[in-house]
Each structure stands twice: as C-alpha cells, then as structure tokens.
Amino acid sequence: MKLLKHFIVMCLVLGTFTKAVAQNRSRFFIKSNHFVLVLDAKSNKAEIDSLLRIANIPGLTSDMIISGSIPNIVGGWRIKKVKGGAVELNKPLTKNQPVTQLNHYLVTNNIVKTESSPGYPGDVLYGVNNFSKITVRELPSGITRFFFPGRTDVRRIQLSGSFNGWTTSKGLMTKTDSGWVSDIKLEPGPYAYKFIVNGQWIHDLNNKLTENDGHGNYNSIYYRYNYTFKLAGYNSAKRVILAGSFNNFNVSELVMTLQGSRLEKQLYLHEGTYLYRFMVDGRWITDPANANKSAKDGIMNSVLTLGEHITFKLNGFANAKDVCLSGSFNNWDPDMLHFQKTATGWVLPYTLPAGNYLYKFVVDGQWMTDPTNPHTTVIAENINSFLSLKPNYTFVLKGNNSAKTVRLAGNFNEWNFYGYTMAHNGDEWSISMRFKPGKVLYKYIVDGNWIIDPGNRQWEQNEFNTGNSVLWIGN
C-alpha cells in the first residue's frame with residue numbers, strides 16, 4: 001500500500017509536469033495495477049526523451065516513438081500504438097518496482113557544464129572545490145568518500161549523481177554514529193550530486209559549489225583532482241597566485257598554499273594544452289621547474305600539456321620552407337603549429353585530449369591530407385584526414401575484398417554520405433572511433449551501396465525500411 005502511494009504521488013507530479021512543459025497528451029497514470037505511460041508522438045524529441053528517462057526505460061528513444069518503429073516489449077514494458085499517433089507503455093506494478101522521482105530527471109536534464117564524462121572533451125576546463133565543512137574527501141586508497149552529517153533518525157539516505165546515472169534504486173549510504181557515508185571510485189573530472197533523504201532530494205549544504213537544477217533547487221558540484229601545481233623557493237612570499245589560460249589569467253582566484261617545503265595548488269584540469277604563470281607578491285614569473293615555455297602577446301608563459309601524446313609526421317618535402325598542422329583542435333589555424341624539419345621529412349609532437357579529430361597539413365601555404373592516413377571524411381566539400389585518440393570501439397567489416405571504397409556513416413555524423421573511409425587490411429575493413437556513452441546508429445557504404453553490419457545482430461528499422469545497425473556504448 002505504501003509503494004502504491006509513492007506511485008500515485010509520482011504520477012500526480014509527473015502529470016503536472018507534462019501539462020506544464022509539453023502541452024500535449026503525454027501522461028502517467030495507474031490502471032488495473034499497472035503503471036501506464038502514454039507518449040504523444042507529436043511532441044518534440046526533448047520532451048519525449050525526458051519522459052522516457054523519468055520512467056527509466058533504456059533502449060527506447062524519441063526517434064523510435066516519433067517514427068513509429070517500436071518493439072513490442074522493452075525492459076518489462078509492453079508497448080502498443082493507440083489512436084492519434086500516441087504510444088502506450090505499461091508495466092505491472094510490483095512490490096520490487098523502484099520508486100522513480102521527478103527530480104531524478106530534472107537534475108540531469110539541466111546539467112550543462114558538468115555533464116561531460118572524464119576522457120571526453122567538455123566545457124569544464126578546470127575546477128577547485130569549496131566546502132564550508134568538508135563532506136567529500138579522497139581516501140588514501142583512491143576512493144572518494146561522501147559524507148552526510150547527522151540525520152541518524154531516518155531509515156535510509158541515498159547518494160545520487162552524474163556518476164551513477166542519478167539512480168533512485170541504488171546508492172544506499174552506510175549509517176555511522178555521526179551521519180552517513182558512501183565510498184565511490186571516481187575518475188578525475190567534475191561531478192554533480194544530491195542526497196535522497198526519505199524520498200526528498202537535498203543538495204549538500206556544506207558544499208558552496210552549486211548549479212541550478214532547473215526546478216528551483218541546486219545540484220552540488222565536486223571536482224576529483226588530477227593535477228598539482230608546485231613552486232619551490234618562494235616560501236617567504238606573502239601571496240602567490242596561479243593563473244593560466246584555463247581561467248583567463250584571473251589574478252585573484254587560485255591562491256597557492258605552503259605544503260611542506262613548497263607552495264602548491266591542487267585542482268581538476270581537463271586534458272589539453274595550457275599557458276600559465278605565477279604571480280609572486282605582484283610580480284609575474286614562469287615556472288622555474290618547467291623548461292617548456294612560450295610567448296603570448298609579448299609575455300613569456302610556462303606551457304603544460306595533459307592528454308595523449310601523438311607525433312604527426314610528413315615524409316619527404318625536403319624543399320619545403322614551412323609545414324604546419326591545422327585541424328579541428330586549433331580552429332583550423334594554418335600558422336600556429338609548425339613542424340620541425342628532419343633528415344627524412346617533417347615531425348611535430350603534440351598533445352590532445354582523447355576524442356575524434358579532423359586535420360590537414362599546410363605545406364608552404366598549400367593544404368593537403370595526411371598521405372599515410374587512410375581515414376578521411378568530407379566536410380563542406382573539403383577532404384580531411386581523420387584521427388581518433390583513445391578510441392573505445394572499432395568497426396570491422398569482413399569480406400568485400402573487391403570493393404574500391406568502404407565508408408562508415410551514422411547518427412554521429414548526420415548520416416553524411418561521404419562518411420569516414422575505412423582502412424583495408426587483409427580480409428577486413430576497419431576504423432576506430434571514440435564515442436560518448438549511449439546509442440549509436442550506423443551503416444556501411446560499400447562502393448555507394450548502404451548496408452547494415454552483417455556482423456552485428458542488433459538493428460532497428462528506419463523510415464526507409466532498410467534498417468540501421470545499433471551499437472550501445474557503455475560508461
């Protein structure tokens with residue numbers, strides 16, 4: 001009976017939510033001991049996806065609802081089309097059914113700055129934690145411990161955030177004599193979180209870093225650090241500031257503190273290349289421990305690179321005067337990254353975050369693709385070389401040995417007909433790419449003919465009745 005009340009409250013709240021934002025016939029209700037969700041196919045994608053996430057229905061997307069290409073059952077939900085282009089999903093209401101919260105979706109829906117997963121280029125370049133009382137700390141074992149002080153009178157408290165999919169069914173914290181704790185293994189990066197106390201979502205009142213959750217409340221933000229700036233020899237200085245390109249050289253934000261025999265500043269720093277320097281009692285200095293320096297606007301800076309180290313090479317062109325690297329990673333600047341000339345050609349060591357990139361070489365002002373890289377794509381009628389750093393999936397198509405070209409296209413490149421050219425080695429064509437977690441739709445283009453992946457049994461129908469192969473990338 002108590003569980004049923006939870007569902008009734010949720011349905012009432014969600015009913016209000018759908019009326020307020022969707023202005024359509026989408027709704028939740030309970031009927032004959034079944035939890036029922038009706039989705040109006042005329043709604044926009046964002047609204048449908050939001051309701052699917054509220055109901056926790058993985059494997060079903062707004063594209064499937066709108067196109068009408070839906071399976072009969074997904075994750076225990078039975079699905080059928082109803083009048084007016086709507087789709088009805090229903091699931092038996094059992095005592096083991098987890099209670100889904102409205103705020104579960106809203107807090108994730110409005111995370112813009114913190115949504116990127118560690119290892120993927122994102123908007124958050126750096127971060128420093130700010131607690132009135134430390135409630136999140138790193139243990140010597142490398143585990144991150146979250147602490148909720150007090151409230152030992154309640155039955156349970158859950159920890160929910162971007163690190164566990166904003167779960168409402170897991171994340172139980174352990175009660176202690178002074179509060180509740182939960183230990184989690186986190187990779188470096190920014191994370192948003194909240195506590196669920198007796199079904200109520202509460203942000204961390206001891207954490208001064210927050211963001212709007214879109215529903216009149218806040219998410220708490222925590223940064224798992226990955227870098228420490230160090231400066232020795234200035235222990236008697238009154239005030240030392242760290243400033244860099246990651247914080248627009250703000251001279252009042254990152255104050256260094258004395259740790260033993262040197263000054264230090266810990267922070268989260270996203271992979272990339274940064275300029276930085278120290279201000280010691282009002283005077284700028286570069287990092288004496290870092291020999292890598294670069295001048296910008298007449299000012300000398302230290303250079304820090306975090307990420308994957310790669311060496312671009314161009315053989316030959318002995319008579320060239322200048323060779324540069326230009327790509328999506330530097331806004332296609334043709335005069336920023338200069339190669340060094342060697343006995344056999346040209347070479348440029350560089351550091352990039354993990355991800356997918358397009359690039360070209362610029363030889364004495366003439367643009368060209370990388371002659372040793374078989375992977376290319378066409379954007380705005382320009383052929384570019386393609387590179388993936390730390391790829392998390394390799395597409396492989398066996399056979400088709402007589403084909404002249406095999407390309408890959410999907411929802412990740414808006415089904416661009418030119419796709420990404422695949423390399424031909426032995427009896428297979430292949431290309432590796434890096435994706436964020438989620439659903440990937442794709443096809444191969446063999447000499448101009450679109451085919452689904454014969455080596456992948458997962459596929460779904462499309463609007464052309466030709467099918468798309470389906471790939472799920474996990475966290």
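A residue counts as buried when its relative accessible area is under 20%, as exposed when that area is over 50%, and as partly exposed in between. Arg224, at 15% relative accessibility, is therefore buried. The model described here is predicted.

**Confidence**

The protein chain has a mean pLDDT of 83, and 84% of its residues reach 70 or more. In residues 1-24 the pLDDT stays under 50, and the model gives this stretch 39 contacts beyond four places in sequence. Residues 94-122 also have a pLDDT below 50; here the model has 81 contacts beyond near neighbours in sequence.

**Salt bridges**

Side chains of opposite charge can pair when their charged atoms come close. The count of salt bridges in this model is eight.

| Salt bridge | N to O distance |
|---|---|
| Arg224 and Glu138 | 2.9 Å |
| Glu264 and Arg262 | 3.0 Å |
| Glu428 and Lys398 | 3.1 Å |

The salt bridge of Arg224 and Glu138 links distant parts of the chain: Arg224 belongs to strand β15 (residues 218-224) and Glu138 to strand β7 (residues 136-138), 86 residues apart. Arg224 is buried at 15% relative accessibility, whereas Glu138 is partly exposed at 31%.

In the pair of Glu264 and Arg262, Glu264 has 17% relative accessibility and counts as buried.

Glu428 has a relative accessibility of 25% and is partly exposed. Lys398, at 58%, is exposed, because the limit for that class is over 50%.

**Aromatic rings**

A search of the whole structure gives 31 aromatic pairs. One of them joins Trp415 and Trp450, with 6.3 Å between the ring centres and 45° between the planes, a tilted arrangement. This pair connects distant parts of the chain: Trp415 is in the loop between β35 (406-410) and β36 (420-421), while Trp450 is in strand β40 (residues 449-451), 35 residues apart. Trp415 is partly exposed, with a relative accessible area of 28%. Trp450 is likewise partly exposed, at 33%.

Ring pairs also connect a cluster made up of Phe131, Phe146, Phe148, Phe163, Tyr191, Tyr193, Phe195 and Tyr222.

Arginine side chains lie over aromatic rings as well. The charged end of Arg277 sits over the ring of Trp284, at 4.2 Å from the ring centre. Arg407 places its charged end over the ring of Phe417, 5.1 Å from the centre of that ring.

Met279 is in strand β21 (residues 272-280) and is buried, at 16% relative accessibility. Apart from neighbours within four places in sequence, its contacts are Arg239, Val240, Ile241, Val251 and Trp284. Of these contacts, Val240 is 39 residues from Met279 in sequence, with a C-alpha to C-alpha distance of 5.5 Å. Trp284, which touches Met279, is also the residue whose ring lies under the charged end of Arg277.

Ser182 is in strand β11 (residues 179-184). Its relative accessible area is 10%, so Ser182 is buried under the 20% limit. Leaving out residues up to four places away in sequence, Ser182 touches Thr144, Arg145, Phe146, Leu159 and Met173. Phe146, one of these contacts, is a member of the ring cluster.

Strands of a sheet pair through backbone hydrogen bonds, either parallel or antiparallel. In this model three strands make an open sheet in the order β25-β29-β28, with antiparallel pairing. Its edge strands are β25 (308-315) and β28 (340-341), each of which pairs on one side only. Strand β28 is joined by two bridges to strand β29 (residues 345-352), and the two run antiparallel. Across this pairing, Gln340 stands opposite Val347 in β29.

Conventions: Residues are numbered from 1 along each chain as its sequence is written. This is a predicted model: local features need pLDDT of at least 70, side-chain atom pairs count only at pLDDT 80 or more; totals for chains, interfaces and linings use all residues. Side-chain values use heavy atoms; hydrogens and water are left out. pLDDT is the predictor's confidence in each residue, from 0 to 100. Contact means heavy atoms within 4.5 Å. Rings of Phe, Tyr and Trp (its six-membered ring) pair if their centres lie within 6.5 Å; planes under 30 degrees apart count as stacked, over 60 as edge-to-face and the rest as tilted. Helices (H or I, at least four residues) and strands (E, at least two) are DSSP runs, numbered from the N terminus. Buried means under 20% relative accessible area, exposed over 50%, partly exposed in between (1.4 Å probe, protein chains only). A charge sits over a ring if NZ of Lys or CZ of Arg is within 6 Å of the ring centre and within 35 degrees of the ring normal. Two strands pair if DSSP finds at least two bridges between them. A salt bridge is a side-chain nitrogen of Lys or Arg within 4 Å of a carboxyl oxygen of Asp or Glu.
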